[in-house]
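Hi there,

Here is the structure I promised to pass on. Have a look when you get a moment; my notes follow below.

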Amino acid sequence: MAAPKVAVVGAGVIGLSTALCIAETCPSCSVTVLSDQFSPNTTSDVAAGMLIPHTYPGTPIHVQKQWFKETFTYLFAISNSAEASEAGIHLVSGWQVFKNTPKEELPFWSDVVLGFRPMSEAELQKFPQHRFGQAFTTLKCDCPPYLLWLEKRLKATGVQMYTRKVADLWELHSEYNVVVNCAGIGAHQLVGDEKLFPVRGQVLKVHAPWVKNFIRDGGGLTYIYPGIHRVTLGGTREKESWSLTPDPGTTKDIFDRCCSLEPSLRGAQDVKVKVGLRPSRRSVRLQREVLSRGGVKFPVVHNYGHGAGGFSVHRGTAKEAARLVGECIATLQGSSSRAKL
């Protein structure tokens with residue numbers, strides 16, 4: 001068969017990195033990204049981009065750890081390269097603090113991040129409300145630069161990108177051999193996934209260049225994540241809320257919570273408020289499916305539903321999705337060669 005044509009629907013961090021992995025692992029493919037929104041207007045642009053995994057109750061821990069490890073290794077290599085600044089990737093050290101000692105003192109990802117250890121009594125004095133803490137160094141992606149860097153990499157490998165609203169995956173079957181669904185929260189409508197729900201996140205992006213360390217409350221609701229140019233303050237987790245309008249009361253609440261962890265933030269300047277809808281489900285949907293209508297078969301690979309943890313596992317899930325696309329193409333090539341016999 002001629003060069004297989006693959007369409008990736010969605011241009012957030014999952015869509016772009018999946019398209020890149022397909023282009024890298026299947027150089028004979030023609031890959032196109034289709035999305036109604038590109039950076040800076042994607043959910044990924046709002047994300048803090050910290051590599052601290054979120055646990056998916058429906059996905060085996062060893063699989064989540066593998067995804068995280070692959071992502072960490074990939075971004076760590078970029079952080080050690082001349083492209084680190086352009087890609088917006090840097091190491092950041094800090095603390096995760098708890099009011100009570102957690103059941104799991106060693107999370108599954110503790111040996112993937114760097115220098116993970118319990119905090120000392122002296123360090124904990126900085127957080128009088130907290131009784132236990134963990135110190136470690138991880139990676140942070142500044143999201144808009146990282147998405148632009150991915151787009152640049154895609155263009156360099158010959159991937160096409162078009163602004164297009166896809167209402168039904170079937171509309172692509174006459175143009176493409178395989179479609180990859182990385183539509184994020186859009187998959188709720190696109191494929192009617194009732195298990196997918198939005199978790200609304202409101203964050204503040206502030207200018208506070210003196211804040212160098214991340215601080216995260218163990219519950220994951222309050223966090224201070226320093227980026228290259230701005231510090232992200234969060235946050236909220238509002239299940240089933242579809243509102244993209246910033247709430248002033250929430251802004252004040254986030255600011256006050258973060259100032260209680262880091263009082264110097266009272267001097268932060270130029271507060272910008274952002275809202276995103278995390279595409280959440282019990283497990284990431286990462287699987288092959290064959291759609292069929294009137295005897296016509298159309299292979300689809302799904303890679304969505306990463307919720308709050310997309311940046312932490314994006315490269316690992318993209319590699320897996322690219323492998324599934326390779327299987328779809330092998331099946332198609334097998335059936336086209338059989339048809340010739």
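**The annotated binding site**

In the UniProt record, an unreviewed entry, the annotation "binding site" covers Y223 and R278. Of these residues, R278 is included in the lining of the second largest pocket. Please keep in mind that this is a predicted model.

Y223 sits in strand 10, which spans residues 223–226. Its relative accessibility is 9%, under the 20% cut-off, so Y223 counts as buried. Leaving aside neighbours within four places in sequence, Y223 is in contact with V203, I215, R216, T232, L233, G234, G235, C258 and R278.

R278 belongs to strand 13, residues 269–293. With a relative accessibility of 15%, R278 counts as buried. Beyond residues up to four places away in sequence, R278 touches Y223 and also, among others, I185, F197, P198, T236, R237, G307 and A308.

**The chain as a whole**

The protein chain has eight helices and 14 strands. Its radius of gyration is 21 Å, close to the 20 Å from the globule rule for 341 residues, so the chain is as compact as a globular protein of that length. Along the principal axes, the C-alpha atoms fill a box of roughly 75 × 40 × 40 Å. Buried residues account for 55% of the 341 residues. The chain exposes about 15400 Å², with carbon and sulfur atoms supplying 54% of that area.

Best wishes

Terms used: Residues numbered from 1 in each chain as written. Predicted model: local features only at pLDDT ≥ 70, side-chain atom pairs only at ≥ 80, totals over all residues. Heavy atoms only, no water. UniProt positions renumbered as here; feature names shortened; annotations may be inferred. 1 Å grid on protein atoms, 1.4 Å probe; cavity = no way out; pocket = protein on both sides within 12 Å on 5 of 7 lines; lining within 4 Å. Helix = DSSP H or I, 4+ residues; strand = E, 2+ residues; numbered from the N terminus. Buried < 20%, exposed > 50% of the residue type's maximum accessible area, 1.4 Å probe, protein only. Contact = heavy atoms within 4.5 Å. Rg over C-alpha atoms; globule rule 2.2 N^0.38 Å. Areas by Shrake-Rupley, 256 points an atom, 1.4 Å probe, with all protein chains shown as cover.
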